[in-house]
Amino acid sequence: MTTTLSPSPPSAGAARKPAGGPLAARFRVPGAFVLGAVLLVGVAPLVLSDFRLSLLAKYLCYAIVAVGVSLAWGRGGLLVLGQGVFFGLGGYAMAMHLKLADAAAAGSTLPDFMQLYGTSGALPWWWAPFAHPAFALAMTVLLPMAVAALLGLCVFRRRVKGAYFAILSQALAAALSIWLIGQQATTGGTNGLTDFQGFFGYDLDDPVNQRMVYFVIAAVLLLLMAAVRQLFVSRYGELLVAVRDAEERVRFLGYDPAAVKLVAYVGAAGMAGLAGALFVPAVGIISPALIGIVPSIGFVIGAAVGGRASLLGAVLGAIAVAWAQSTLSDAFPAAWTYLQGLLFVVAVGFLPGGLASLASAVRARRARPRTTPPAPTGGTA
Amino acid sequence: MNGDGLTVRDLRVTFDGFTAVDGVDLDIRPGDLRFLIGPNGAGKTTLVDAITGLVPSTGSVRFEGRELRGRPVHRIARLGIGRTFQTATVFEELTVLQNLDIAAGAGRGPLTLLRRRKEVPEPVTRALETTGLTGLRDRPAGALAHGQKQWLEIGMLLVQDVRLLLLDEPVAGMSHDEREATGELLRRVSGERTVVVIEHDMDFVRSFARSVTVLHAGRVLSEGSVADVQADARVQEVYLGSAAGSGSVPGSVPDSVPGSVPGSGSVPGGVPATATATVAEGA
């Protein structure tokens, strides 16, 4: 087995890209990470007012969802149009605990809205365990992951893909929000759960504690970004891209693509759940309107605009779109939904790599004068 | 002998009432280099699809004594059976090295998967050398030339460490030199592994086949050495006659209508069997 196939001499020199110094390349990603951390944790709290900082906290929650979207959709090719379900499960799990804690502090066994609307006067059995902080915290992540695992097992085993998967996810988001609206007595219905006083013993009206919530959110976002970045460069990350691009081929190599996709899907669901849980103390409400079809689409738009295959692109895109939404929807409340749809179509249709790919797309066009060898579309983090 | 190699018994595949594979029996010894030939629609690709679990079938497919039917595709692959497709399917956005590394790793545990690749696994290095792709290992597979993609696919089967390779028209669209190189590669690979090749190009079959199975309308029409098969009157009728009539054309037999080669139907017996058979036997 020593002889080689060589009718065409391989051009070894052309294969290696001259990097701008090995050191620079090596520290580019950690450097950007540290810079981001300094901006989020150091600079933002100094220059932003309490009000702006709480808005940023909300945007960062959306960014945490986008980290998962980047994993599942960007790398895994799973168009997760129902992340509202997992965001909602995490959010409600946290909100239920805060409501019960508030009630206990006020010397009652029932949350305030149940005293208004409740019919039986007793706490529903499925509320009771959420009085334990550890249980509630675990549920914010485990509940969405369990639901995603169950759904993913059914869907991926049956090789449901593409648009069908996306529509199924959407339907689930719609179903959950409709169910919540119908359960006025036990979930708060359309109003959702709101008006929280404390957060694990800290008064949420105190601006200092609001800052603390912001720091927790920023830290979670940074940690998840680091973890997902590691996943992207790992062998699993390569395998996920392989499944996205040629699922059949992966199957014939002896892997079960359903299992590979399941990991990404469940991971993304867990992140959405955690984001929902952090959203509750930061914004002070979780309601069906925040987790239905429109917000579910909203969760992926940021990633699509920024660049779903690029982690940083997805995160910055999510923050930018969330910012645009709160700014523009105040000025033109009717126009935002249309603009949101337009953004989605334009990003997916004309710039699949998002803004993160804009620079390299322009560079590729400039570098290609007339003759065009098929340009390799590199998927770098 | 039946316990070893690939043993297919009474295999049938039916699509909506159309029987694509109609009771095929096949025995392929370990180390063989078997070519599957036959006119378009003979059921060659469907047969490979059925063996690898892609389409449901009835009958029996045993490899190294184990029944393959009823197992999911990825389990069959893990029993040491690999295949390629008519169109080279590689992971275009990943590099050559990443493609091979994925092929090598079906047995990896979660901990290895979650870590970055620290070094190039030894089988991958060997496959890079065997396929002549060492210099291109950091190139995205999508940027490879057509022939190089086919070699990458074969390389992926090598690192996958399969004992049975099923190749669907591996030299389609290759230049003459590339065909020769691929044939030599297949010859080296067989021996320690079993290789089954679906092929239309009769020159290629004559040069490299150790044994040939002719399929026609979902059934085995003839089987044996190249010489046996070429001497078979039924084969000449449905397939080889036309190919032999245009034997001077180095390219592949037109895929669509084998019988349409001008003048082919009029020379049913004109098969130059002896000259080509010696080549095959000499291997």
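In the predicted model, helices H4(A) and H6(A) cross in a right-handed sense. Helix H4 of chain A covers residues 83–105 and helix H6 of chain A covers residues 133–157; their axes come within 8 Å and cross at roughly 165°. Because angles over 145 degrees are classed in this way, H4(A) is roughly antiparallel to H6(A). On the side of H4(A), the contact is formed by A:Phe86, A:Leu89, A:Gly90, A:Ala93, A:Met94 and A:His97. Sorted by class, the residues in the contact of H4(A) with H6(A) comprise twelve nonpolar and three polar ones, with no charged residues.

Helix H9 (residues 207–233) of chain A packs with helix H12 (residues 257–283) of chain A at an angle of about 165°, and the axes are 10 Å apart. H9(A) is therefore roughly antiparallel to H12(A). The crossing of H9(A) with H12(A) is left-handed. H9(A) contributes A:Gln210, A:Val213, A:Val216, A:Ile217, A:Val220, A:Leu224 and A:Val228 to the contact, while H12(A) contributes A:Met271, A:Leu274, A:Leu278, A:Pro281 and A:Ala282. By class, eleven residues of this contact are nonpolar and one is polar, and no charged residues take part.

Chain B supplies 50 residues to the contact and chain A supplies 38 residues. Between them, chain B and chain A bury about 4,100 Å², of which 61% lies on carbon and sulfur atoms.

Charged side chains also take part in the contact between the chains, with four salt bridges counted between chain B and chain A. Over all chains, the structure holds 31 salt bridges. Side chains of opposite charge can pair when their charged atoms come close. One salt bridge links B:Asp101 to A:Arg235 through their side chains, with an N to O distance of 2.8 Å. B:Asp101 belongs to helix H3 (residues 96–104) of chain B and A:Arg235 to helix H10 (residues 235–245) of chain A, so this pair joins two chains. Another salt bridge is formed by A:Glu238 and B:Arg117, whose closest N and O atoms are 2.9 Å apart.

Note on methods
Residues are numbered from 1 along each chain as its sequence is written. Chains are lettered from A and ligands numbered from 1 in the order in which they are written. This is a predicted model: local features need pLDDT of at least 70, side-chain atom pairs count only at pLDDT 80 or more; totals for chains, interfaces and linings use all residues. Side-chain values use heavy atoms; hydrogens and water are left out. Axes are lines fitted to C-alpha atoms, for helices over the stretch in contact, and angles run from 0 to 180 degrees between N-to-C directions. Helices (H or I, at least four residues) and strands (E, at least two) are DSSP runs, numbered from the N terminus. Angles under 35 degrees count as roughly parallel, over 145 as roughly antiparallel, 65 to 115 as roughly perpendicular and the rest as oblique. A crossing is left-handed if the near helix is turned anticlockwise from the far one by less than a right angle, and right-handed if clockwise. Contact means heavy atoms within 4.5 Å. Ala, Val, Leu, Ile, Met, Phe, Trp, Tyr, Cys and Pro count as nonpolar, Asp, Glu, Lys and Arg as charged, and the others, Gly among them, as polar. Buried area is the accessible area (1.4 Å probe) that two parts lose on being put together, summed over both.
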